[in-house]
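Here are some notes for a colleague opening this entry. Please keep the viewer at hand while reading.

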Amino acid sequence: MKISYTIEEINDLLKGELVGHTTHKIDSPEQLQHAKTNQITFIGSSKYIKHWSDSKACAAIVNNNLTVEAGDNRALIKVKNADLAMAKLLELFNPKPPVMEHDIHPTAVIHKSAKIGNGCKIGANCYVGKDVILKDYVTLYPNVCVFDDTTIGSHTVIWSGTVIRERCIIGSHCIFHTNVSIGADGFGYRPSDDGAGLTKIPQIGNVIIGDYVEIGANSCVDRAKFSSTIIGDGCKIDNLVQIAHNSVMGRSCIMAGHSGLAGSVTLGDGVIIGGSASIKDHTTIHSGATVGAGSGVMNDVETGKTVLGYPAQDARDTLKQWVALKRLTK
């Protein structure tokens with residue numbers, strides 16, 4: 001049965017300012033241009049106001065610094081931050097996750113020494129190795145492998161295809177999406193003495209991941225050569241991200257898709273790495289810094305600084321150079 005809400009019920013949740021009224025029951029949120037009569041949309045920037053008159057949505061969540069007319073049988077909910085309000089609304093309409101009929105599926109292989117906490121769910125064809133510890137309410141969806149001596153904290157959810165190698169330590173309330181790799185060997189090679197090839201450097205460390213970390217599909221966090229590769233509490237990592245051996249991320253860092261850290265990179269707290277950005281090995285990016293999309297960082301980045309370009313430098317300098325080059329080519 002599909003759930004629907006009145007505009008007043010939604011406003012009670014968001015605690016905004018209700019402008020106008022709609023008699024339509026709202027059954028889902030949708031983008032401004034694609035919304036139908038029984039859907040709510042959002043307007044977080046002035047550039048989208050022009051689309052409101054053509055949209056079929058009966059309601060919109062709007063930043064309260066924007067001037068928008070509600071219209072006939074349409075309503076606006078004015079809030080301080082439309083993006084955050086929409087996130088709260090999406091939680092309201094969020095479908096329940098897939099149901100696993102068995103707490104532990106009969107096809108799962110679990111070593112007798114593994115310790116499985118209360119309320120854990122282990123799906124079909126999962127493998128849980130020797131001396132693994134799953135704390136309470138861990139969910140392993142089908143085809144997850146957790147190798148020996150790994151610990152996973154409570155309420156962590158791991159989606160299908162993910163592999164967590166031996167001796168890793170995972171925090172609580174984490175989410176790993178499909179096909180994440182945790183603890184594969186770091187990329188360590190040196191020319192052999194005879195010059196005939198490359199010698200593999202053993203990677204004997206592990207990966208430590210804090211609490212409330214989310215890692216997107218097909219991303220990789222490699223184990224350390226020695227000691228640990230560390231992902232701090234609250235970090236959010238997009239799809240197709242590479243984090244190399246012995247890198248250390250502080251708290252609440254963000255890495256967008258297709259970005260990567262080479263070996264032994266250090267990120268402070270709250271660092272933002274844009275999509276497809278690359279960070280050279282043994283580089284430190286200090287707290288609060290931002291690396292623009294597509295940039296290549298070759299040197300340390302100061303606290304709170306924004307860098308852009310390849311090689312990356314102060315974003316304002318890079319933009320000035322781009323403008324100058326554009327003028328030269330006219």
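1. The model is predicted. Please read each point with that in mind.

2. The buried side of α1. Helix α1 spans residues 7-14. Its buried residues are I7, I10, N11 and L14. They sit on the same side of α1, because they cover an arc of only 100° around the axis.

3. What α1 packs against. The buried residues of α1 meet strands and a helix. The strands are β1 (17-20), β3 (39-43), β4 (59-63) and β5 (75-79). The helix is α2 (82-93).

4. The residue after α1. Look at K15, just after the helix. K15 has a positive phi of about 55°.

5. The largest pocket. The space in this pocket is about 320 Å³. Its lining consists of N94, P97, P98, V99, M100, K121, T139, Y141, V157, W159, I175 and H177. By class, eight of these residues are nonpolar, three are polar and one is charged.

6. The second largest pocket. This one holds about 250 Å³ of space. Its lining has 14 residues. Nearest the centre lie F187, R190, H245, G263 and H282. How does the lining divide by class? Four residues are nonpolar, seven are polar and three are charged.

Definitions and conventions. Residues are numbered from 1 along each chain as its sequence is written. This is a predicted model: local features need pLDDT of at least 70, side-chain atom pairs count only at pLDDT 80 or more; totals for chains, interfaces and linings use all residues. Side-chain values use heavy atoms; hydrogens and water are left out. Buried means under 20% relative accessible area, exposed over 50%, partly exposed in between (1.4 Å probe, protein chains only). Helices (H or I, at least four residues) and strands (E, at least two) are DSSP runs, numbered from the N terminus. The arc is that of the directions from the helix axis to the C-beta atoms. Contact means heavy atoms within 4.5 Å. On a 1 Å grid over the protein atoms alone, a cavity is a set of points where a 1.4 Å probe fits but cannot get out, and a pocket is an open set with protein on both sides within 12 Å along at least five of seven lines; lining residues have an atom within 4 Å of a point. Grid points are joined across faces, edges and corners, and a volume is the space filled by probe spheres set on the points. Ala, Val, Leu, Ile, Met, Phe, Trp, Tyr, Cys and Pro count as nonpolar, Asp, Glu, Lys and Arg as charged, and the others, Gly among them, as polar.
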